[in-house]
Amino acid sequence: MIRYRTPVGTLVIVASERKLLMCDWIDSKLFGRHFEAVRHLTPDSSLENEVVRLLDCYFAAEFEKFSQGCEEIELVPCGTPFQKDVWQQLLTIPLGITLSYSLLARAVNSHPRAVASAVARNPVSVFIPCHRVIGADSSLTGYAGGLDAKRFLLRHETTVNKSCSPEGSSPT
């Protein structure tokens, strides 16, 4: 386990057996539940250090290095099959783009509230980009790291891509 300080809060990284299991905001309401699910596993300090390097790239706006490195990391968050389906769909949202809960719900053939619940339970923040999901009216909605962190991440990503999805928006 490694604690990683970002400009907007602290992430806790847990990896085991070459798999990233958790990269969660320490102040998240679900942090305890997420950590409890993985704390008994043998840590993979080599992968945890690689995740730190990738987060350094992300926060330095070296998005190409971050994206390339992410391709080499197996993400294995604990969750239900439905949550995993939603999280897999989150991986398709490009850097610098936002998507509404309603469009995400259509993509997984579900209801926006069910999708919002799954998004909120994502234990691998930044790598599984739940911060890119917004309200249908383009409003920023809940985020495990807090709305200030969500706003920061979205603004940070717009340095690479100024365009928006059909129901997306520029971060407010």
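Colleague: How many salt bridges does a search of the whole structure find?

Modeller: The search turns up 5 salt bridges, each being a side-chain nitrogen of Lys or Arg within 4 Å of a carboxyl oxygen of Asp or Glu. This is a predicted model, where local features need pLDDT of at least 70, side-chain atom pairs count only at pLDDT 80 or more, and totals for chains, interfaces and linings use all residues. Residues are numbered from 1 along each chain as its sequence is written, and side-chain values use heavy atoms, with hydrogens and water left out.

Colleague: Okay, what does Arg132 form a salt bridge with?

Modeller: Arg132 meets Glu157, at 2.8 Å from N to O. Arg132 sits in the loop between helix H6 (112-120) and strand E6 (133-134), while Glu157 is in helix H7 (residues 147-157), so the pair ties together parts that are 25 residues apart in sequence. Helices (H or I, at least four residues) and strands (E, at least two) are DSSP runs, numbered from the N terminus.

Colleague: And is Glu157 buried or exposed?

Modeller: Glu157 is buried, with a relative accessible area of 1%, and Arg132 is buried too, at 5%. Buried means under 20% relative accessible area, exposed over 50%, and partly exposed in between (1.4 Å probe, protein chains only).

Colleague: Which residue does Asp148 pair with?

Modeller: Asp148 forms a salt bridge with Arg151, 3.1 Å from N to O. Both lie in helix H7, 3 residues apart, about one turn of the helix. Asp148 counts as exposed at 59%, whereas Arg151 is partly exposed at 24%.

Colleague: Switching to rings, how many aromatic pairs are there?

Modeller: The structure holds 8 aromatic pairs. Rings of Phe, Tyr and Trp (its six-membered ring) pair if their centres lie within 6.5 Å; planes under 30 degrees apart count as stacked, over 60 as edge-to-face and the rest as tilted. One of them is Trp25 with Tyr143, edge-to-face at 6.1 Å centre to centre and 70° between the planes.

Colleague: Where in the chain are those two?

Modeller: Trp25 is in strand E3 (residues 19-25) and Tyr143 in the loop between E6 and H7, 118 residues apart, making this a link between distant parts of the chain. Trp25 is buried at 2%, and Tyr143 is buried at 11%.

Colleague: What about Phe31 and Phe35?

Modeller: Those two are stacked, 5.8 Å centre to centre with 5° between the planes. They are 4 residues apart in helix H1 (residues 31-38), about one helical turn.

Colleague: Which residues do ring pairs link into a cluster?

Modeller: The cluster is made up of Tyr4, Tyr58, Phe59, Phe63, Phe66, Phe127 and Phe152.
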